[in-house]
Amino acid sequence: MYKSHCAPLYYHPTTSVWERSLFRIPPPASVPNCCSLWSVKKVTHSGVPRGTRKTVSLEDPSDSLILSNLTFFNFETIPIKENLADMAALTSHFLLLTWALLLVMSVDSSEQASLLRDDFYKDSCPDAESVIKAAVDSELDKNLKLAAGLIRMQFHDCFVEGCDASILLDGNDTEKTAPINSNLIGYEVVDAAKEAVEAICPGVVSCSDILAYAARDSTVKLNGTGWAVQGGRKDGLFSCAEAAELELPPPTFNVSQLIESFARRGLSKKQMVILSGSHTVGVGHCDKFFERLYNFSETHFTDPSINASYAEQLKTDCPQATFNTTLEIFMDTITPGEFDANYYKGLSEHKGLFTSDQSLFDDRRTRKLVKKLMSERVFDRQFGEAMRAMGAVGVRAEGQIRRNCRTVNPW
Ligand code: HEM
């Protein structure tokens, strides 16, 4: 039986519509569920108090029990994957819904940002930040590679349905199972931080906030200066692999595509360039830039924008016939373990690992900014501000404080 956190539905008894996430959708017969194996056939309701919201995970046996206890609707399910026509229709519905969600996210960004505050846990859990930091530090002392993983993890969380810890949910077809997230690391660090903070303030600090603190603490561990992280995010209730695959920008994107991708989250071209500076730490794998080395275009076997000796070195590391998919290549060739501005210097030397990196220097629209960001002082000052903006994407007033970051709370 298929089971996932995908596509929970909220029934709104006053308006008799089903809602998903931040926006309303038509009645259940036409509800597209991005990656669930079912569609809802029939729904009736009774006795639901006004304004009550219920989460429905139809394949989950424990939820089904809860649903039968609540007796506010009946349903039949169709196994969608056995019906390709349904699948195609659902995919287009899903794209439409994703677009609508992103529209809502960008329109409401100031309202969402206002849900967040510095020192959010000052009264409710004054030691939260320091306890999280201690747990993160202790995990990173065991494996410092996880620091880059956590910075990337917050980006991958925020760009898919907003910063709601959807990346942390376990299950079939959740975001973390998407190929684009296959190399994401650091989940155990968030678990350790959650356990530590639950021990002092149970049910108070959201997993999405923990991830935001952990990402900042990771940059500090790599000798970055850090920034004040806002708190107040709620944890989401669903997570879909397909959404991650659709929403996260691939490394083949050019500047126009990157600008557009960030703009849909209410983030500017400038913020996009600054946030890309995270590639000052961490690694990429051969398959992500393979085409640049061996199959670039009709006229160029190798991407001419790569520094010639760097291209040769990459070809040695990632040989055409037998490249190693587990080999890790530093994205910053100058100081790969330091959270500093050298990523931008690397771009000026044509040593950007991905098209999405190098094009920031090669495109006239972003080159000037890349040059400015080569200054440690400028990068330092601006990175934290951009992370605060990214950390406010799609945050919502509704949701829960998960007790375990890997699973939604039972009723
Ligand atoms: C601008 C669009 C972006 C693209 C196309 C992109 C793409 C990628 C790719 C392909 C990798 C390597 C994955 C692998 O080979 O396993 C990577 C790694 C990484 N990304 Fe990005 N990224 C982008 C923006 C960001 C942002 C905004 C952040 C954080 C704020 C970020 C943080 C990182 C970090 C820290 C790593 C290294 C992870 C590790 O070593 O485990 N990236 N990114």
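## Burial, make-up and confidence

Of the 411 residues in the chain, 42% are buried, where a residue counts as buried if 20 or more other C-beta atoms, placed from the backbone, lie within 10 Å of its own, as exposed if 12 or fewer do, and as partly exposed in between. The model is predicted, so local features need a pLDDT of at least 70 and side-chain atom pairs count only at pLDDT 80 or more, while totals for chains, interfaces and linings use all residues. Residues are numbered from 1 along each chain as its sequence is written.

The chain holds 16 helices and six strands, these being DSSP runs numbered from the N terminus, with at least four residues (H or I) for a helix and at least two (E) for a strand. Among contacts between residues at least 6 apart in sequence, 78% join residues at least 24 apart; a contact here is a pair of residues whose C-beta atoms, placed from the backbone, lie within 7 Å.

The average pLDDT of the chain is 81, and 72% of the residues score at least 70, pLDDT being the predictor's confidence in each residue on a scale from 0 to 100. Over residues 1-5 the pLDDT stays under 50, and over residues 9-91 it is below 50, although the latter stretch has 126 contacts in the model beyond near neighbours in sequence.

## The nonpolar cores

A nonpolar core is a set of buried Ala, Val, Leu, Ile, Met, Phe, Trp, Tyr and Cys residues joined through C-beta atoms within 7 Å. The largest one has 73 residues, of which Ile 132, Val 190, Ala 193, Ile 210, Leu 211 and Ala 214 touch the most other members. Helix α5 (residues 145-158) gives the most to this core, with eight residues, and the core draws at least three residues from each of domain 2 (128-246) and domain 3 (251-382), with bounds that come from an automatic or database domain assignment. A second, separate core of seven residues includes Cys 286, Phe 289, Leu 314 and Leu 353.

## The shell around the ligand

Around the ligand there are 25 residues, of which Ala 148, Arg 152, Asn 183, Ser 278 and Gly 282 come nearest; a residue is counted as near if its C-beta atom, placed from the backbone, lies within 6 Å of the molecule. Helix α5 gives the most to this shell, with five residues, while α5, α10 (269-276) and β5 (283-285) each supply at least two.

## Annotated binding-site positions

An unreviewed UniProt entry places the feature "binding site" at Asp 157, Val 160, Gly 162, Asp 164, Ser 166 and Glu 175. These positions span 19 residues in sequence, yet no two of their C-alpha atoms are more than 12.5 Å apart, so they gather at one spot. UniProt positions follow the numbering used here, feature names are shortened, and annotations may be inferred rather than shown by experiment. Asp 157 lies in helix α5 and is buried, with 31 other C-beta atoms within 10 Å; its contacts, not counting residues up to four places away in sequence, include Ser 166 and Leu 211. Gly 162 lies in the loop between α5 and α6 (187-200) and is also buried, with 27 other C-beta atoms within 10 Å.

The UniProt annotation "binding site" (unreviewed entry) also covers Pro 249, which lies in the loop between α8 (241-247) and α9 (255-263). Pro 249 counts as partly exposed because it has 17 C-beta neighbours inside 10 Å.

Note on methods:
Two residues are in contact if their C-beta atoms, placed from the backbone, lie within 7 Å.
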